[in-house]
Amino acid sequence: MRIYGMLDSGNCYKPRLLMALLGRPFEHVETSSRDGTTRTPGYLAKNPIGKVPLLELDDGRFIAESNAILLYLGEGTRYVPADPHDRAVVHQWLFFEQYSHEPNIAVRRSLIVYPERAHLATPERMAGLLEAGNKALAVMETQLAKTPWLAGAAPSVADVALFAYTQDAGLAGYDLNAFPHVAGWLDRVRLLDGFRGMDWQPTN
Ligand SMILES: N[C@@H](CCC(=O)N[C@@H](CS)C(=O)NCC(=O)O)C(=O)O
């Protein structure tokens, strides 16, 4: 399998991390949205959405959207529960990540980290993203005060998805000291067998 992605993107880190946790081999193809590669006709033919990450299967088929990739890769493993209710709870967190977490925390991070986006970081926008991101972290805090993992007693792709940008929330300007259960959960994820940090890529 081949994963097209950028090493400094949390969305792209998600499938890399899951593959590491599963101990499965894959090829990382560095593909930057910042140098125009994701908008080339060649890339758009693979993924009309024009974003990374993108998974290429061994038979040449593709899957886009980080959380769809996680569900595909995690199928049949401990990271995607078979029970319909437990599975729906995992889906709930994946949708939460895409609607309430990533659009705030990842976007605020990008406005700070990427100089070419600095002009978009108006004080009003940064304040709004801070407030909404803190709300998302508070939702996680409430859950993680009750259960060790987001979807309950066992780690799942929900933890992989939400780890990616939460571990970088400090860089985005969020104070994780205000969320002790989230901080404890981050440490638990780091202790999972096979865990790798965001800058890791396999030796292709
Ligand atoms: N919902 C998508 C978001 C992916 C996304 O926004 N990727 C960024 C990099 S983190 C990207 O490719 N941006 C390029 C662009 O928007 O042109 C996912 O979860 O995969």
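**Core, salt bridges and ligand contacts**

Reader: What relative accessibility does Glu116 have?

Author: This is a predicted model, so local features need pLDDT of at least 70 and side-chain atom pairs count only at pLDDT 80 or more, while totals for chains, interfaces and linings use all residues. Residues are numbered from 1 along each chain as its sequence is written; side-chain values use heavy atoms, with hydrogens and water left out. Buried means under 20% relative accessible area, exposed over 50%, and partly exposed in between (1.4 Å probe, protein chains only). Glu116 counts as partly exposed, at 43%.

Reader: Which residue forms a salt bridge with Glu116?

Author: A salt bridge puts a side-chain nitrogen of Lys or Arg within 4 Å of a carboxyl oxygen of Asp or Glu. The closest N and O atoms are 2.8 Å apart, and the partner is Arg34.

Reader: How many residues apart in sequence are the parts that Glu116 and Arg34 tie together?

Author: Helices (H or I, at least four residues) and strands (E, at least two) are DSSP runs, numbered from the N terminus. The Glu116–Arg34 salt bridge has a closest N to O distance of 2.8 Å. Glu116 sits in the loop between H4 and H5, and Arg34 in the loop between strand E2 (27–30) and helix H2 (41–46), so the parts tied together are separated in sequence by a residue count of 82.

Reader: Which residue meets Arg109 in a salt bridge?

Author: The N to O distance in the Arg109 salt bridge is 2.6 Å, and the partner is Asp168. The pair links distant parts of the chain, 59 residues apart: Arg109 is in helix H4, and its partner in the loop between H6 and H7. Arg109 is buried at 5% relative accessible area. Also buried, at 14% relative accessibility, is Asp168.

Reader: In which helix do Glu131 and Lys135 both lie?

Author: Glu131 and Lys135 form a salt bridge with closest N and O atoms 4.0 Å apart. Both residues are exposed. They are 4 residues apart, about one turn of the helix, and that helix is H5.

Reader: Which residues touch the most other members of the largest nonpolar core?

Author: A nonpolar core is a set of buried Ala, Val, Leu, Ile, Met, Phe, Trp, Tyr and Cys residues joined through side-chain atoms within 4.5 Å. In soluble globular proteins, nonpolar side chains tend to be buried together. The largest core here has 53 residues, and the members touching the most others are Trp93, Met140, Val157 and Trp185.

Reader: Which helix gives the largest share of this core?

Author: Among the 53 residues of the largest core are Trp93 and Met140. Helices H1 (10–22), H3 (66–74), H4 (84–113), H5 (123–144), H6 (157–166) and H7 (180–190) each supply at least two core residues. Domain bounds come from an automatic or database assignment; domain 1 (2–74) and domain 2 (84–190) both contribute, so the core lies between them. The largest share, 9 residues, comes from H4.

Reader: Which side chain makes a polar contact with the side chain of Glu56?

Author: Glu56 is found in strand E3 (residues 54–56) and counts as buried, at 14% relative accessibility. Arg2, Glu27 and Glu56 are linked in a network of salt bridges. A polar contact is a pair of N or O atoms within 3.5 Å; within protein, one must be able to donate a hydrogen and the other to accept it, and residues adjacent in sequence count only if both atoms are side-chain atoms. For Glu56 the distance is 2.6 Å, and the partner is Tyr4.

Reader: Which residue joins its side chain to Lys14 in a polar contact?

Author: Lys14 lies in helix H1 and counts as buried, at 0% relative accessibility. Contact means heavy atoms within 4.5 Å. Leaving aside neighbours within four places in sequence, Lys14 has contacts including Ser66, Gln98 and Val160. The polar contact spans 2.9 Å, and the partner is Glu97.

Reader: How many residues surround the ligand?

Author: A backbone N or O atom of Val52 lies 2.8 Å from a ligand nitrogen. A polar side-chain atom of Ser66 lies 2.6 Å from a ligand oxygen, and one of Gln98 lies 2.7 Å from a ligand nitrogen. A residue is near a molecule or strand if one of its heavy atoms lies within 4 Å of it. Lys51 and Glu65 are also among the closest, and the number of surrounding residues is 13.
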